Amino acid sequence: MEGTRAVTTSVIAVMLGVTLLSGPLVPGVTLATEPEPIALETGNVTVSEIEMPEEVRLEKGSYGAASYYLDAPPVRVEFANRTGRPTLVYELTIQEVGYTRTTNHFLDDSTGGTYELTLASDTFTDGEIERKQYNGTVTVSKRDGSGHGVVAARNVTISVVE
């Protein structure tokens, strides 16, 4: 029985020592391994075709909500070439209200020959939206091993739907 108690005490002492060494009490000491860094914006991407929306909508919230919700259709791209981990950026700008929204899309080996870029949703208050229509710009740009650049840009109508 005493031998079992000594082994149990030793196991507890080792577990306590490892916990203390790898915990926040001893800065700079960790038993965890660092994850491998992901090399983003590497390789190359060439877009052969792109379908961009002509219209983006700001839809009034339901049940008397004092908000408008951004509804931007996706941009569909077809790749002529894609290697590494390039990034495509979907951007919407509405200058008349001082608004810009971007969403980054990080591509990798699992990305197929075509891809849909989406724009994260957003809301506007009643005070920000004063007209029934605005002019906007949709821009798709790339970031890869050869640098940054605009792939395509299009003027769009921003329709306010009550």
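Analyst: Read along the sequence, the protein chain runs α-β-β-β-β-β-β-β-β-β-β, with helices (DSSP H or I, at least four residues) and strands (DSSP E, at least two) numbered from the N terminus. This is a predicted model: local features need pLDDT of at least 70, side-chain atom pairs count only at pLDDT 80 or more, and totals for chains, interfaces and linings use all residues. Residues are numbered from 1 along each chain as its sequence is written, and side-chain values use heavy atoms, with hydrogens and water left out.

User: How many helices and strands does the protein chain have?

Analyst: The protein chain has 1 helix and 10 strands.

User: And what share of the residues counts as buried?

Analyst: Of the 162 residues in the protein chain, 28% are buried. Buried means under 20% relative accessible area, exposed means over 50%, and partly exposed is in between (1.4 Å probe, protein chains only). The accessible surface of the protein chain is about 10300 Å², with 52% of that belonging to carbon and sulfur atoms. Those areas come from the Shrake-Rupley method with a 1.4 Å probe, and for residues only the protein chains shown count as cover.

User: OK, charges. How many salt bridges does the structure hold?

Analyst: The structure holds 7 salt bridges, each a side-chain nitrogen of Lys or Arg within 4 Å of a carboxyl oxygen of Asp or Glu. One of them joins R101 and D122, with the closest N and O atoms 4.0 Å apart. That pair links distant parts of the chain: R101 is in strand β6 (residues 99-106), while D122 is in the loop between β7 (114-117) and β8 (123-125), 21 residues apart.

User: Why do such side chains pair up at all?

Analyst: As a general point, side chains of opposite charge can pair when their charged atoms come close.

User: Are R101 and D122 buried or partly exposed?

Analyst: R101 is partly exposed, because its relative accessibility is 25%. D122 is also partly exposed, because its value is 23%.

User: Which residues make up the negative patch on the surface?

Analyst: E49, E51, E78 and E116 gather there. For a patch, residues need over 30% relative accessible area and no salt bridge; like charges are joined within 9 Å, and nonpolar side chains (Val, Leu, Ile, Met, Phe, Trp, Tyr) within 5 Å. Lys and Arg count as positive and Asp and Glu as negative, while His and the chain ends are not counted. The place of a charge is NZ of Lys, CZ of Arg, CG of Asp or CD of Glu.

User: Where does E49 sit?

Analyst: E49 is in strand β1 (residues 44-51). Its relative accessible area is 48%, so E49 counts as partly exposed.

User: What does V47 touch?

Analyst: V47 lies in strand β1 too. Not counting residues up to four places away in sequence, V47 touches V77, E78, F79, A80 and V151. V47 is partly exposed because its relative accessible area is 22%.

User: Switching to loops. Where is G145?

Analyst: G145 is in the loop between β9 (133-144) and β10 (147-161). G145 is exposed because its relative accessible area is 57%. Leaving aside neighbours within four places in sequence, G145 contacts E41, T42 and G43.

User: And T111, buried or exposed?

Analyst: T111 is buried, because its relative accessible area is 11%. T111 is in the loop between β6 and β7, and beyond its neighbours within four places in sequence, T111 is in contact with F79 and R82.

Note on methods. Contact = heavy atoms within 4.5 Å.
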